[in-house]
Amino acid sequence: MDVLKIIFQPYISIINDMFKRLLGFDPTTMKVRTEIIAGATTFLTMSYILAVNPSILSSTGMDKGALFTATAIASAIATLLLAFMAKLPFAQAPSMGLNAFFAYTLCQAMGYSWQQSLAIMLAEGILFVAITFFNVRELILNSIPQNLRFAISAGIGMFIAFIGLKNSGIIVSNPATFVTLGQFTPTATLGILAIVLSGVLVARRVKGALFYGIIVATVVGIPMGVTEIPQGWLPVSAPHSLSPIFCQFDFKDFFTLQTALVIFSLLMVNIFDTVGTLVGLAEKTGIVQPDGTIPRVKEAMMSDAIGTTCGAMLGSSTITTYVESASGIAEGGRSGMTSFVTGSLFLVSLLLSPVFLLIPGSATSGAVVLVGVLMLESVKKIDLGDVSEAFPAFITMITMVLCYSIADGICLGILSYVIIKVCTAQWKALNPTLIVLSILFIINFVFK
């Protein structure tokens, strides 16, 4: 063994140097196995998008098979770009909020065709690239006060835990109380089992706890009837053609005030969804500098912007950084190798779509809820002794959950921060960017 080690040592060093240069992987502090498990966990936690995004967008008349292919390729492109450009363990895919905006607001409520809506998404993507290139998004990120950053991280944790509880039917809507405890259906029961199992595995410090929790819950879901295996099921299928939706843009009625307001609203939501997620995830990875800056954040946002542009060309809605990336971070992912694995699995899913579509949403509830628990840690860093700091932090966290939107939570948190600082004459706590953002938020809410 020692002889083999001596023979292959130069090659191992070359490979390690390549991984460090391309993906930011440091062999002295990181392990390849950990990064692979982290990437697989992130993918499994967010793989529901491969089923949900085509389902939502196909309601506009778009081809569902082509949408599956577009979703997988757009997610792979954006995530791989992030791996090599930013070298961070995050993943990207079509935004769950903005795909609903595409289908139900643009196409159904406002009367745009899906071809016109794709043109709007393309314009937003190009503008995204421009404002990222000129550091506008980085300027916004750096203007957010430290206590609000901690609140954003904790708020995202509560938000995604709520998503996990909702998607598994543990929490359901109620006309009288808005939300309530759901019935113990097989889906909800599997969700509860997944959450308890993940909690126990994490508490016992089992490596790959969230990953194993998803796999076990998926298998347990088979006899429960939650994990459905279709008759004649085969694990492999050829990718569906993109031709029905690829670059199908329609710029009719594009240059109107209404379309301009729509693009502005999309920009606001996407900027703060991405910025908020980046802040929260960066806190969990421990890469935030003492002055509050995040290394390679511009590259991360640029990959998001390019991904959105490519996604529109492929026929998908806006791309964003996923909060589910925190599940991989919780497994120890710290470099671009994690996102490289996630992006590669999106490409593999083109051939193995029947396998990935078997994973029920409730099987991922454990990973999502446990990530929420882990992200709540940043609450203790908030200065709760100063009401002018605690109040906007609380508004940020609670409105993320109640508005079901990271972007709305950040907008309302920043607005409340500016208002309370102005009313208490704490002018030095403010900066010009916060003032401008507050004005833009008010305009956005008025025309929303």
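**Surface, pocket and salt bridges**

Modeller: Helix α1 (residues 2-23) gives three residues, the largest share, to the nonpolar patch; helices here are DSSP runs (H or I, at least four residues), strands are E runs of at least two, and both are numbered from the N terminus. This is a predicted model, in which local features need pLDDT of at least 70 and side-chain atom pairs count only at pLDDT 80 or more, while totals for chains, interfaces and linings use all residues. Residues are numbered from 1 along each chain as its sequence is written, and side-chain values use heavy atoms, with hydrogens and water left out.

Biologist: What accessible area does the nonpolar patch on the surface have together?

Modeller: A patch takes residues with over 30% relative accessible area and no salt bridge, joining like charges within 9 Å and nonpolar side chains (Val, Leu, Ile, Met, Phe, Trp, Tyr) within 5 Å. Areas come from the Shrake-Rupley method with a 1.4 Å probe, and for residues only the protein chains shown count as cover. The members are I15, M18, L22, F84 and F340, and their accessible area together is about 390 Å².

Biologist: Is M18 buried or exposed, or partly exposed?

Modeller: M18 is in helix α1. Buried means under 20% relative accessible area, exposed means over 50%, and partly exposed is in between (1.4 Å probe, protein chains only). M18 has 33% relative accessibility, so the class is partly exposed.

Biologist: How much space lies in the second largest pocket?

Modeller: The search uses a 1 Å grid over the protein atoms alone; a pocket is an open set of points with protein on both sides within 12 Å along at least five of seven lines, whereas in a cavity a 1.4 Å probe fits but cannot get out. Grid points are joined across faces, edges and corners, and the volume is the space filled by probe spheres set on the points. For the second largest pocket that space is about 260 Å³.

Biologist: Which elements give two or more residues to the lining of the second largest pocket?

Modeller: Lining residues have an atom within 4 Å of a pocket point, and here they include V202, R205, K207, L210, E331 and L374. The elements with two or more lining residues are α9 (186-203) and α10 (209-224).

Biologist: How many residues of each class are in the lining of the second largest pocket?

Modeller: Ala, Val, Leu, Ile, Met, Phe, Trp, Tyr, Cys and Pro count as nonpolar, Asp, Glu, Lys and Arg as charged, and the others, Gly among them, as polar. The lining includes A203, V206, G208, A209, A330 and G332. By class, the lining has seven nonpolar, two polar and three charged residues.

Biologist: Which residue forms a salt bridge with K380?

Modeller: K380 is exposed, with a relative accessible area of 65%. The closest N and O atoms of the pair are 3.8 Å apart, and the partner is E377.

Biologist: Where are the two residues of the K421 and E389 pair?

Modeller: The side chains of K421 and E389 meet in a salt bridge at 2.9 Å, N to O. The pair links distant parts of the chain, 32 residues apart: K421 is in helix α18 (residues 406-423) and E389 in helix α17.

Biologist: Is E389 buried or exposed?

Modeller: E389 lies in helix α17 (residues 387-402). Its relative accessibility is 12%, so E389 counts as buried.

Biologist: What is the phi of N135?

Modeller: N135 is in the loop between α6 (114-133) and α7 (136-143). N135 is partly exposed, with a relative accessible area of 34%. Although N135 is not a glycine, its phi is positive, about 65°.

Note on methods: Salt bridge = Lys/Arg side-chain N within 4 Å of Asp/Glu carboxyl O.
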